[in-house]
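Please keep the sequence and the structure in view while reading.

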Amino acid sequence: MATMPVVVVAFHLPVGTPKEVHRDFHRAVYAEDTSSSRGRYRYRRHGLLDDIPHIRIYWGLVLLRSQDVRLLRRLLEAYSAEYFMREIKPLKEDLVGLGV
């Protein structure tokens with residue numbers, strides 16, 4: 001039985017990156033639920049992973065289908081993030097979580 005290639009991606013911003021850049025990076029990757037006018041209006045800021053099937057293991061550690069890696073890589077490189085990617089053999093539960 002052939003399985004779809006899955007990639008584990010670990011990433012972070014370099015030491016010394018300003019906290020404002022960290023905030024923007026987090027929003028760009030994961031999105032953010034936010035509000036204005038003291039909670040009167042609630043909305044969600046869209047993030048890249050909203051559009052990509054993924055499994056978030058921990059902050060900065062996700063599983064993706066190999067076909068979606070280039071989208072995340074572009075964003076990571078735009079923020080000069082340091083990252084590590086390796087193809088892995090997924091578990092059945094991983095494939096279900098990735099919608100395969």
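Strand β2 (residues 32–36) and strand β3 (residues 41–45) pair in the antiparallel sense over 5 bridges; strands count as paired if DSSP finds at least two bridges between them, and helices (H or I, at least four residues) and strands (E, at least two) are DSSP runs numbered from the N terminus. Ser-35 has Arg-42 in β3 as its bridge partner. The hairpin of β2 and β3 has 4 residues between the strands, and Ser-37 takes a positive phi near 50 degrees there.

This is a predicted model, in which local features need pLDDT of at least 70 and side-chain atom pairs count only at pLDDT 80 or more, whereas totals for chains, interfaces and linings use all residues. Residues are numbered from 1 along each chain as its sequence is written, and side-chain values use heavy atoms, with hydrogens and water left out.

Rings of Phe, Tyr and Trp (its six-membered ring) pair if their centres lie within 6.5 Å, with planes under 30 degrees apart counted as stacked, over 60 as edge-to-face and the rest as tilted. The count by this rule is 6 aromatic pairs. The ring centres of Phe-25 and Trp-59 are 6.3 Å apart and their planes stand at 80 degrees, so this pair is edge-to-face. Because Phe-25 lies in helix α1 (residues 19–30) and Trp-59 in the loop between β4 (54–58) and β5 (61–65), the pair ties together parts that are 34 residues apart in sequence. Phe-11, Phe-25, Tyr-30, Trp-59 and Tyr-79 form one aromatic cluster.
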